[in-house]
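Have the viewer open and follow along.

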Amino acid sequence: MSATSHPSGLTPTQIEDLQQRALAVAQQAYAPYSGFRVGAALLLEDDTIVTGCNVENASYRLTTCAEQSAIASAVGMYGPHIRIRAISIANLSNAASQPCGACRQSIHEFSTPDTRIFFPAEDGTVAEATIADLLPAAFLLNK
Ligand code: THU
């Protein structure tokens, strides 16, 4: 693959860096209940990377997923106009894991049709999808 041959314009180095950042931040996860430590790394349009991990709670449903944690940090740091160029999700269990339904809706909010989502696939490789692949019928607020 040449340096810019990826359809999204991402270089293999950028994708690898994002994956490493997702894996690294998964070490920070607070996951005493599930033991499933997840990290997410966002590549924003200006090539800034923002990361987040899952944060669980004794009241289980209050858990924040890694993807949502990263998105909340990015908005807090850079404001409401952020756009996600790519997001990589990793876990420390070496498990195949797609973003949950709620996270798909959260990613959709700050995505474009070109946003690339990378996550661990069943065969041990990294799968790639667009938000339209993962959430073809997102909720839209039409009032
Ligand atoms: N989790 C994430 O962080 N992201 C997802 O997309 C799916 C699930 C977390 C939530 C919980 O702390 C643990 O994984 C087990 O469900």
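What follows starts at the ligand and then moves out to a handful of residues elsewhere in the chain. Bear in mind that this is a predicted model.

**The ligand and its surroundings**

Let's begin with the site itself. The ligand sits in the second largest pocket. Around the ligand you'll find S34, F36, V38, N54, E56, T63, C65, A66, E67, P99, C100 and C103. Sorted by class, that shell is made up of 7 nonpolar, 3 polar and 2 charged residues.

A66 uses a backbone N or O atom, at 2.9 Å from an oxygen of the ligand. C100 also works through its backbone, with a polar atom there 2.9 Å from a ligand oxygen. As for surface, the ligand taken alone exposes 380 Å², and the protein buries 78% of that.

**Two loop residues with positive phi**

Now for some backbone geometry. Most residues other than glycine have a negative phi. D47 has a phi near 75°, a positive value in a residue that isn't glycine. You'll find D47 in the loop between β1 (38-44) and β2 (49-53). N94 is another such case, with its phi near 50°. This one is placed in the loop between β3 (84-91) and α3.

Are these two buried or exposed? D47 counts as partly exposed because its relative accessible area is 41%. N94 has a relative accessible area of 78%, over the 50% cut-off, so it is exposed.

**Buried spots away from the ligand shell**

L10 belongs to the segment before α1 (12-26). With a relative accessible area of 1%, L10 is buried. Follow the chain for 106 residues and you get to R116, yet the C-alpha atoms of L10 and R116 are 9.1 Å apart in space.

S111 is in the loop between α3 (101-109) and β4 (116-120). Its relative accessible area is 13%, under the 20% cut-off, so S111 is buried as well. A polar atom of the S111 side chain lies 2.7 Å from the backbone oxygen of I107.

T115 is found in the loop between α3 and β4 too. At 1% relative accessibility, T115 counts as buried. C100 is one of the residues around the ligand.

**More open positions**

P32 has its place in the loop between α1 and β1. P32 is partly exposed, at a relative accessible area of 48%. P32 and N94 are 62 residues apart along the chain, and their C-alpha atoms are separated by 18 Å.

M77 lies in helix α2 (residues 66-78). Why does M77 count as exposed? Its relative accessible area is 52%, and the exposed class takes in values over 50%, so M77 belongs there. M77 and C65 are 12 residues apart in sequence, with 18 Å between their C-alpha atoms. C65 is another of the residues surrounding the ligand.

**C-alpha separations side by side**

| Pair | Sequence separation | C-alpha distance |
|---|---|---|
| L10 and R116 | 106 residues | 9.1 Å |
| P32 and N94 | 62 residues | 18 Å |
| M77 and C65 | 12 residues | 18 Å |

Conventions: Residues are numbered from 1 along each chain as its sequence is written. This is a predicted model: local features need pLDDT of at least 70, side-chain atom pairs count only at pLDDT 80 or more; totals for chains, interfaces and linings use all residues. Side-chain values use heavy atoms; hydrogens and water are left out. A residue is near a molecule or strand if one of its heavy atoms lies within 4 Å of it. A polar contact is a pair of N or O atoms within 3.5 Å; within protein, one must be able to donate a hydrogen and the other to accept it, and residues adjacent in sequence count only if both atoms are side-chain atoms. Accessible areas come from the Shrake-Rupley method with a 1.4 Å probe; for residues, only the protein chains shown count as cover. On a 1 Å grid over the protein atoms alone, a cavity is a set of points where a 1.4 Å probe fits but cannot get out, and a pocket is an open set with protein on both sides within 12 Å along at least five of seven lines; lining residues have an atom within 4 Å of a point. A molecule sits in a cavity or pocket if more than half of its atoms lie within 2 Å of its grid points. Ala, Val, Leu, Ile, Met, Phe, Trp, Tyr, Cys and Pro count as nonpolar, Asp, Glu, Lys and Arg as charged, and the others, Gly among them, as polar. Helices (H or I, at least four residues) and strands (E, at least two) are DSSP runs, numbered from the N terminus. Buried means under 20% relative accessible area, exposed over 50%, partly exposed in between (1.4 Å probe, protein chains only).
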